Amino acid sequence: TNLTAQITVHADRPGAVIHPEIYGQFAEQLGAGIYGGIWVGEHSSIPNIKGYRKDVVEALKAIKVPVVRWPGGCFADQYDWRDGIGPRDKRPVHMNASWGGDDGNQFGTHEFMDFAELIGAKTYISINVGTGTPRQMSQWIEYITADGHSSLAQQRRANGRDKPWKLDYVGIGNEMWGCGGSMRPAFYADVYRQYATFVHAPANLPITRVASGANGDDVHWTDTLMAAAGSQIDAISLHNYTIPTGDWTHKGSATQFGEDQWMSTLRGALRMDDLIARHVAAMDKYDPTKRIALDVDEWGIWTDPQPGANTPALYQQNSLRDAVSAAVTLDIFQAHADRVRMANIAQMVNVLQAMILTDQSRMLLTPTYYVFDLYKVFQGATSLPIDVHAPLYRYGKVAIPGVHATAGRDAAGGVHVALVNLDPHHADTVHVRLLGMHAAKVTGRMLTGSAVNAINTFDHPHAVQPVGFDGATLKDGVITATLVPKSVTVLDIR
Ligand code: AHR
C-alpha cells in the first residue's frame with residue numbers, strides 16, 4: 001500500500017545560508033584512512049598524482065569536499081608536526097598509540113596541505129593539546145602561514161613550499177574529556193584560553209578556533225566552556241556516533257542486520273536533532289546573536305569492524321542504511337544552519353562511515369558517498385523552512401517519521417528538496433507545496449537499493465548508485481512524487 005505525505009516548502013521565508021562546510025570530511029592518521037586510501041607515494045604502481053591516489057582525488061573533487069579535518073581524532077593529541085616535515089626517507093617512525101601499528105610520518109603537513117589544495121578543500125588541523133605545548137602549536141601555525149623571512153617560513157620553503165598555505169580552522173585539542181587528556185570541563189576551559197591566546201593568524205586571513213566540544217549529550221561541557229571561555233571561542237565542536245545496537249562493546253555488523261537494527265540506527269541518527277537543540281540552547285544563553293558556531297566535527301555510524309585477520313583499524317562496509325542515515329543527519333544539520341556551520345563525517349576513506357573504500361588498486365564509492373553527491377547542490381544554498389506531515393514508520397514498539405526532508409535555494413534561484421523515505425516496506429506519495437515560488441520544471445535523482453543492507457563491493461561496485469528520477473509531476477504549484485521504500489530523492493525545481 002502507498003502512504004501519502006504533505007510537505008510545504010516556504011520559499012517565501014528564506015533562512016540561514018547552508019555553509020558548504022556542513023559537507024566536510026575527517027581524515028585521521030589510522031588504519032587505511034590515509035596510507036593506502038589517499039597516499040600511496042610517488043613510486044606506487046597505483047596511478048597517483050605526486051603520491052595521492054588519482055581515483056580517490058577525482059572522486060573527492062566530484063562531491064566538492066569543502067573542508068578536511070586532520071590528523072585526528074585521538075591521534076592528534078600525540079602528534080608532533082616536526083616529525084612529518086623534510087625528506088620523507090628521513091622521517092621518524094612512531095607507534096600509533098591510539099590505533100595500533102606504526103606511522104612512518106610519510107603524510108605530514110606538506111602532504112596534507114597540498115592534498116587539500118589539490119581537491120579544493122579548506123583546511124582544518126586538530127592541534128596537539130594533550131601532549132603538546134602552546135609553543136609547538138604557534139610554531140606549527142607559523143610554519144604553515146608565515147609569509148615573511150622567519151626561520152620557520154624559510155624552513156617551509158627549503159622543504160619545497162614557497163607560498164604560505166591558507167589554514168582555515170584549528171581545533172584546540174580533540175575529545176579533551178577523553179583520549180585528548182581526560183580533562184574536566186573547567187580545567188579544559190582554561191587550557192583552551194591559554195592555547196587560543198597563541199593562535200596568531202596572518203593579517204586578513206583569520207583562523208577559526210574550534211574548542212573541543214562535548215561527547216554526545218554532555219551539555220554541561222558546552223555550558224562550562226561557553227561561560228568560561230566564550231569570548232575567545234569561534235566554534236565549539238560536538239561528537240556523536242550512531243551505534244546500531246547502542247552498545248559500544250558489540251556495536252553490530254555493518255552488513256548482517258535486519259529491520260530491528262535498521263530501525264535502531266535511523267532512530268539513533270534522528271537523535272542528532274534533539275542533541276543539537278540542547279547544545280544550542282546552552283550556547284544561546286551566552287551568545288544569543290549566534291556568533292559562535294556549533295561544529296559537529298565527528299559524526300556517523302560506527303559498527304564492528306569488518307571480520308578478518310588483516311582488516312585495517314576501524315574498517316567497515318557501508319550499506320544503504322548508512323546512506324539513509326547520512327541523509328537524515330544532513331537534513332538535521334541544514335535545519336540548524338544558523339548555528340551548525342561545519343560538520344565532518346567520520347571518516348573520509350576506509351574508516352568508519354566512509355565515502356570511499358579501497359583495496360590495493362581498486363576503489364569503490366559507498367552509498368554514503370552518493371548521498372554527499374546528491375546533496376552537494378545544497379552547499380552554499382539558502383535554507384528554506386519545511387513542514388512535513390508524514391505517516392509514522394513503525395517497527396515493534398518503536399515509531400519514527402516515515403519521511404524526512406530538507407530544502408534550499410541555490411544562487412541561481414533553483415530550489416532543491418531532499419525527500420528521504422525511511423520506511424523499508426511502503427512507498428510514500430508526497431505532495432510538495434511551494435510557497436513563494438513559481439515552479440515550471442521538476443527533475444530529480446534518487447538512491448535506493450535491493451535491501452536495507454545493500455552494499456557496493458569491489459566485484460560489484462555499482463549495485464547502489466543514484467539514478468535519474470522522472471516521477472515528479474507539477475500541477476497548480478504542487479509537486480507530486482512517489483518515493484520508493486528506503487530511498488533518498490533530491491528534486492531540482494526551477
Ligand atoms: O573517529 C574515530 C575516533 O573517534 C576519533 O579518533 C576520536 O576523536 C573519536 O573517539
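Helices (H or I, at least four residues) and strands (E, at least two) are DSSP runs, numbered from the N terminus. Residues are numbered from 1 along each chain as its sequence is written. This is a predicted model: local features need pLDDT of at least 70, side-chain atom pairs count only at pLDDT 80 or more, and totals for chains, interfaces and linings use all residues.

Start with confidence. For the complex, the predictor gives an ipTM of 0.99 and a pTM of 0.98.

Now the barrel. Eight strands close it, in the order β2-β5-β8-β9-β10-β11-β12-β13, with parallel pairing. Two strands pair if DSSP finds at least two bridges between them. From one strand to the next, the twist averages 25°. Take β8 (residues 122-127) and β9 (residues 169-172): four bridges join these parallel strands. Here isoleucine 125 stands opposite valine 170.

Axes are lines fitted to C-alpha atoms, for helices over the stretch in contact, and angles run from 0 to 180 degrees between N-to-C directions. Helix α6 (residues 219-229) lies across β10 (208-215) and β11 (235-242), at about 145° to β10. Helix α7 (residues 259-286) touches β10, β11 and β12 (293-301), and its direction makes about 160° with that of β11.

Next, the ligand. Its shell takes in residues whose C-beta atom, placed from the backbone, lies within 6 Å of the molecule. Among them are Glu28, Asn174, Glu175, Glu298, Ala346 and Gln347. The shell divides into three nonpolar, four polar and three charged residues. Ala, Val, Leu, Ile, Met, Phe, Trp, Tyr, Cys and Pro count as nonpolar, Asp, Glu, Lys and Arg as charged, and the others, Gly among them, as polar.

Look at the backbone too. Most residues other than glycine have a negative phi, and most peptide bonds are trans. A cis bond joins alanine 346 and glutamine 347, with omega about -10°. Glutamine 347 sits in the loop between β13 (342-346) and β14 (356-359). Another cis bond links tryptophan 70 and proline 71, with omega about 0°. Asparagine 204 has a positive phi, near 65°. This asparagine 204 is in the loop between α5 (185-197) and β10.

Finish at a hairpin. Four bridges join antiparallel β18 (residues 392-395) and β19 (residues 398-401). Two residues separate the strands, and glycine 396 in the turn has a positive phi of about 60°.

Methods
Two residues are in contact if their C-beta atoms, placed from the backbone, lie within 7 Å.
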